[in-house]
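Hello,

I am passing a structure on to you, and I hope you enjoy looking through it.

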Amino acid sequence: MVKCCCPYLNRLSKLKKYAFLVLSVWLSFTAQAVAGDSLDEVLARHVIQAPEKIIYTQTKYNQYLSEPVRASGTIYIQPDYFVMQQDSPLPMLVVSNHERIWFYDIDKDRRYERKITRLNQKDPALNALITMLRFGDIKVLKNQFDIKIEALDVGWVLDMQPRHFQSKKIFKTMKLQGKAGKKVERFEIISLHNDSTVWQFDTRPFSDDTAEVVELLKQTARGL
Amino acid sequence: MMRYQVFSAVLLAALLSAVALFVEFRTDVSDFFFQADNPETAMMVSHMQTGALSRRYLLLVESPDEADLVTFTQELKEKLLTLPHIQRVVLMQQDEATLESLVKDYLPYSAALFSLSPQEDVPLLFSQASLDQRSEYIKTIILNQQYGWLQPWLVQDPLLLMSDWTAKLTGLQVSGAPADDAQFDNEEPQYTGLTVETSVSGLDSAKQQPIYQALSESFSTLAASYPEKISLRMTGVPVFAMAIKQQVSQDVKRVSLISSFLMIVLFLVVFKSLRGLLWVAFILISSVAAASLMTSLVFGYMHALVVAIGTTLIGVCIDYPIHSMVHAAASPKEDAEASTKQIWPSLWLGGLTTVVGYVALSFSHHPGMQQLALFAGVGIATSLLLTRFMLPKLMQAHIQKVKVVWHIQPWLALVERYRKPMQVLVLVFTMVVVVIAWPQFMWTDDMGKLSPALATLKANDQDVRAHLSSVEPGRFVLVKAADFETALQRNEEVAKQLQALKNAGDVTAYYSLYPWLASQKIQQNNLDVFTTQLTAEHQRLWQQSLQKQGLSVEKLGKFKAVSLQILTPEVFETLNSQPELAGQYLQEDGQALMFTWLGMHDVEKVKEKLLGLQGVQYISQKDRVNAQAAEYRVQTIKVLSLGSIAILLLLVARFGSLVIAMNVLFPALVATLLVVSMWSLLGKAMGMLHLIGLLLVIAICVDYAIFTLENRAGSLSLTFQAILVSSMTTAIAFLSLGFADNPALQTMAWTVGPGVLLGFLLCPLLVKQGHGLKQSLKRREA
């Protein structure tokens, strides 16, 4: 029986991973950039005005994988909640508000829950993202990242490189990309070993029916 | 006379200075009760007293906001490491950096340390199911962003053997971290812990005090910068040692204050003289100082308990100067020298019988009793000599001002009038009480009951340990061998047995030197089996498993990357990542000792499982100390019986009559029986300290009986006046101890105090005058 080197860390990491992704994606959607915008203007425009529904695909490229691993599902974003429903390869549900994150492994019917603040404390970059999302504090984000914006006629690219050792151990850079005046369509995280994870997003309308579905998903993840 | 006063002052100052300069005091109870009877035990005792475990503080940090805890403890760790005398700080939840350091250090040896049963376990590793599971796990790591730090190691450890090694360490994860997935659904614990190891002995309270303060201050300063309230609870040997020292110090202050006040009042009332108090104090302090010096000279150190108990024993010494003072004050010629000389034979006989009792104690193998015997012997001898040769000189110029105003005439008159009926009444009463009390008599060998109560501290200790560590303090498995390699091999046998018990649920956890280090033999066995298993066929199976998971065969599919190195003890000593091992092995004087700490466990099952393993012992410090205490009790009762016979023979030799000698012992016997009955009726178990107290009761009562019988002043009234005053001072001295918190002092108080008062009342009643005593004494003195 193979065991993780530290079971506690193993479980914690599972949640950290999702917390990180959740918040990164959340950020990418809250920062709606327009060509020609300054960085501050792009980041300041992060507050969500209306709920979003996004179909996503996630592709992981890794030197130890013989071919990329793909996942897909739907993301629902609300001002106070983030819901990610992954359909393949493994069905799972991740729900988060600003304080807690719930993870539901549908196949195994197992639920995990953590305070999100704890996970953030261990990762200053993640913490900076949260602070910016919650309070619009761009300074904190700039302390943690070297951020460059490239505004083109056809679109924009946001390049974020972690400044601190702790975060650099997790990833080398994050790239957010979108068409001019449009929302983020591509989000890439490049690891220290040049492995990467790429997210592609396709925004759909958020109807009343969708709102009901989201409420149901929230309750399911929390086991209510 | 002035020169005697100057001489007394100089003598006192010299003795006290010598004590301050040369006497080493120890406070560890094991020094008092535990004797290392062989080099191995000596090594172990020394290790337990000064080893890493005794130098550790356990810190439990609690906060309503668990997010704060993670960063707080990390910051606290960094801050504490900057403090002097802090050697190591280990966090309850090992962080990634620690794990990475472990992986880096141990990766080359993961095959050599793979299993304690390589013949069975290594072939299992290469089964298709196991390989599939392993490749699935590798994929999990690769897909998990947080395991980025593990990825570079995959090239060197494609089979992920390192995870098998680190999984064995999960026992080191202190409780508080979830034990399995099921618990993960619950709320996280809102606490965490740190182990802080210092570089000075945990029993050295003087040096630990500033460390403790620095720890507390560092915590408070840091906690103040956090919004949520963060609280700290600490435990550990240093915390207990400091609390005991503080309690003893408070006891000393309280008892000294109360007894000093009562003594001053008594001397003012009885003698109408404070100068008399100074004379008695001079003799008492000089006796204690001389006894301390001699004990330290013979044993090399002095136990604080010997000082505490011994000083009360010397309380008997104040009887001698008081007798001398009462007789001198009543002397018609006011000749202190003559009156002291007159009662001197009774004084030295009383002193001699007391010393004989305590000399008998020294024949027990109890190290504390041996110290106590020497201490009491020297103290009593010093007191007698000072009473005989210094006190009359000091008293002479002032004796006319000393008047004794207390009398015992009513009691004497009552005894004179109703002697026979009262004797019958006392004897019947004693017999009835003894018959009623006997079935309720209880004896305890539990030495823990002598330790200061510290109930709050003990409850806190249990609670903190329940949160942070599952180790049962004071219980462990000891492995010994002539060399390190053999000890390691034996230790591995122990680990195998304990693992079996753990699997069966009879042991919750055990903390062994394996897998941090294994014997060269088992490591070579692992490598030999790996060499036979790392075949082309198994490599093909492994590559199939990798392909099933979509993993790169090119990167992970080659067995040649598996490291086959042995970890030698020399290299092991140089590794950075072995913080948990401090104090778990010892090698000196041609012997190697290894300790395996145990979590909650079934004692009998552990003992049974380890039975027959060579060089392996299950140790319970408490059981060991109590077993030794039981042995001491048997020895002590034996030597006390012999001591009583010696006292009897001494009295027979002195009085030339067995009847008279028995009569002298009789009040002591009745007083002792009544005190034992009192403890039984109160439902309290008696122990070693009660025995010591009873010995003192016998000694004092025999003294009173001798004074009564010999009646050297020729006036029973005067003799009883002296006994009255001395018994009052002794009773005050001992009953003052009843105000102490220390159970040892309480025991002495409520054993000796009532015993002395009973002896005082019984002597005039039960000691028969006459017996042809005068003729007998004259004949013998001639």
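There are zero disulfides over all chains, a disulfide being a pair of cysteine sulfur atoms within 2.5 Å. Cys701(B) is in no disulfide, and the nearest cysteine sulfur, that of Cys763(B), is 6.1 Å away. At that distance the sulfur of Cys763(B) is too far from the one in Cys701(B) for a bond. Cys701(B) is buried, with a relative accessible area of 0%, and Cys763(B) is buried as well, at 0%. Here buried means under 20% relative accessible area, exposed means over 50%, and partly exposed is in between, with a 1.4 Å probe and protein chains only.

Please keep in mind that this is a predicted model: local features need pLDDT of at least 70, side-chain atom pairs count only at pLDDT 80 or more, and totals for chains, interfaces and linings use all residues. Residues are numbered from 1 along each chain as its sequence is written, chains are lettered from A and ligands numbered from 1 in the order in which they are written, and side-chain values use heavy atoms, with hydrogens and water left out.

Now to chain A. Chain A has seven helices and eleven strands; helices (H or I, at least four residues) and strands (E, at least two) are DSSP runs, numbered from the N terminus. Of its 224 residues, 54% count as buried. Among contacts in chain A with a separation of 6 or more, 45% come from residues 24 or more positions apart, where contact means heavy atoms within 4.5 Å.

Two loops of chain A are worth a visit. The loop between strand 5 (100-105) and strand 6 (110-115) holds Asp109(A). Asp109(A) has a positive phi, near 55°, although this residue is not glycine, and it is partly exposed at 47% relative accessible area.

The peptide bond from Tyr514(B) to Pro515(B) is cis, with omega near 15°, and Pro515(B) sits in the loop between strand 8 (510-511) and helix 22. Asn711(B), in the loop between helix 29 (688-710) and helix 30 (716-737), is not a glycine but has a positive phi of about 45°. Asn711(B) counts as buried, at 12% relative accessibility.

Next, which residues of helix 6 (residues 118-125) of chain B are buried? They are Pro118(B), Val122(B) and Leu125(B). Seen down the axis of helix 6, the buried residues fall within an arc of 55°, so they line one face of the helix; the arc is that of the directions from the helix axis to the C-beta atoms. These buried residues pack against helix 7 (128-143), helix 9 (161-168) and helix 22 (520-533) of chain B.

Finally, a helix pair in chain B. Helix 19 (residues 409-437) and helix 28 (residues 658-681) pack at an angle of about 35°, with their axes 9 Å apart. Axes are lines fitted to C-alpha atoms, for helices over the stretch in contact, and angles run from 0 to 180 degrees between N-to-C directions. Among the residues that meet are Phe429(B) and Val433(B) in helix 19, and Phe666(B) and Leu673(B) in helix 28.

Happy exploring!
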